[in-house]
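Try each task before reading its solution.

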Amino acid sequence: MDWTLLPIVGGVAVLLAVSAFFSSAEIALFSLPIERVRELADTPNGRRLAETRENSHRLLVTLLVGNNVVNIGISSIVTVVLVTYLPPSYAAVVATLTATTLVLVFGEILPKTWGLANAESWSLRVVGPMRAIELLLYPLVVFFDGLTGTLARLAGGETEIEREYLDEK
C-alpha cells in the first residue's frame with residue numbers, strides 16, 4: 001500500500017462527512033413543518049431555528065454553496081490522485097464514477113435519509129453551526145443569492161420560489 005495516500009483518503013473522508021452534514025441539515029431544516037418550527041420557538045435553539053427559517057432562500061443558498069464547494073473538492077482530489085496512477089483518459093472516467101458514487105451514497109442519499117428521519121432533533125442541533133457557516137460563507141452566499149435572484153427576475157421567475165412550498169408545510 002502507498003502510505004502517502006493515507007492523508008488524502010483521510011481528507012476525502014472528512015470532506016464526505018462535511019457533505020453529509022450539509023445534506024442532512026438541508027433535508028432536516030426544510031422538511032420540518034413551519035407550524036412545528038413556531039411551536040419550538042419557545043426554546044433558545046427553537047428561536048434560532050425560527051429565525052433561520054425566516055430567510056429560507058438565504059439558508060438554501062448557504063447549504064448549496066457549502067455542499068457544492070465540498071463535493072467539487074472531493075471530485076478534484078480524486079481526479080488529481082487517479083491521474084498519477086492511470087492514463088488521463090481513464091483517470092477522468094474512473095474519477096467521475098468514483099467521486100459520484102462516494103458523494104451520492106455517503107454525501108447525499110444516506111445523510112438525507114437519516115436527516116429526514118430525525119428532522120426535528122437534527123434541525124435543533126445544526127441550526128447553530130449553520131448560522132456560523134452562513135457568516136463564514138457570507139461573501140459567497142450574498143454573491144450567489146444576488147446572482148440567482150437577478151437571473152430569476154430576468155427570466156421572469158420568482159426569486160424565492162421555495163417560500164410558497166415551505167410556508168404551507
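**Exercise 1.** Find the salt bridge between E120 and R36, and work out which parts of the chain the pair links.

*Solution.* Start with the cut-off: a salt bridge is a side-chain nitrogen of Lys or Arg within 4 Å of a carboxyl oxygen of Asp or Glu. In this predicted model, local features need pLDDT of at least 70 and side-chain atom pairs count only at pLDDT 80 or more, while totals for chains, interfaces and linings use all residues. Residues are numbered from 1 along each chain as its sequence is written, and side-chain values use heavy atoms, with hydrogens and water left out.

Next, take the distance: E120 and R36 meet at 2.8 Å, N to O. Then locate the partners: E120 sits in helix 6 (residues 119-136) and R36 in helix 2 (residues 34-40), 84 residues apart. Helices here are DSSP runs (H or I, at least four residues), numbered from the N terminus.

Finally, check accessibility (buried means under 20% relative accessible area, exposed over 50%, partly exposed in between, with a 1.4 Å probe and protein chains only). E120 counts as partly exposed because its value is 29%, and R36 does so at 28%.

**Exercise 2.** Which helices hold R131 and E51?

*Solution.* First, confirm the pair: their side chains form a salt bridge at 2.9 Å, N to O. R131 belongs to helix 6 and E51 to helix 3 (residues 44-54), so the bridge ties together parts 80 residues apart in sequence. For accessibility, R131 is partly exposed at 31%, and E51 is partly exposed at 39%.

**Exercise 3.** Is E108 buried or exposed, and which residues share its salt-bridge network?

*Solution.* Begin with the bridge from K112 to E108, 3.1 Å from N to O. Both residues lie in helix 5, four residues apart, about one turn of the helix. K112 is partly exposed at 25%, whereas E108 is buried at 17%. Salt bridges with shared partners then join E26, E108 and K112 into one network.

**Exercise 4.** Describe how helix 1 (residues 6-31) packs on helix 5 (residues 88-117).

*Solution.* The contact (heavy atoms within 4.5 Å) includes E26 of helix 1, and E108 and K112 of helix 5.

Terms used:
Axes are lines fitted to C-alpha atoms, for helices over the stretch in contact, and angles run from 0 to 180 degrees between N-to-C directions. Helices (H or I, at least four residues) and strands (E, at least two) are DSSP runs, numbered from the N terminus.
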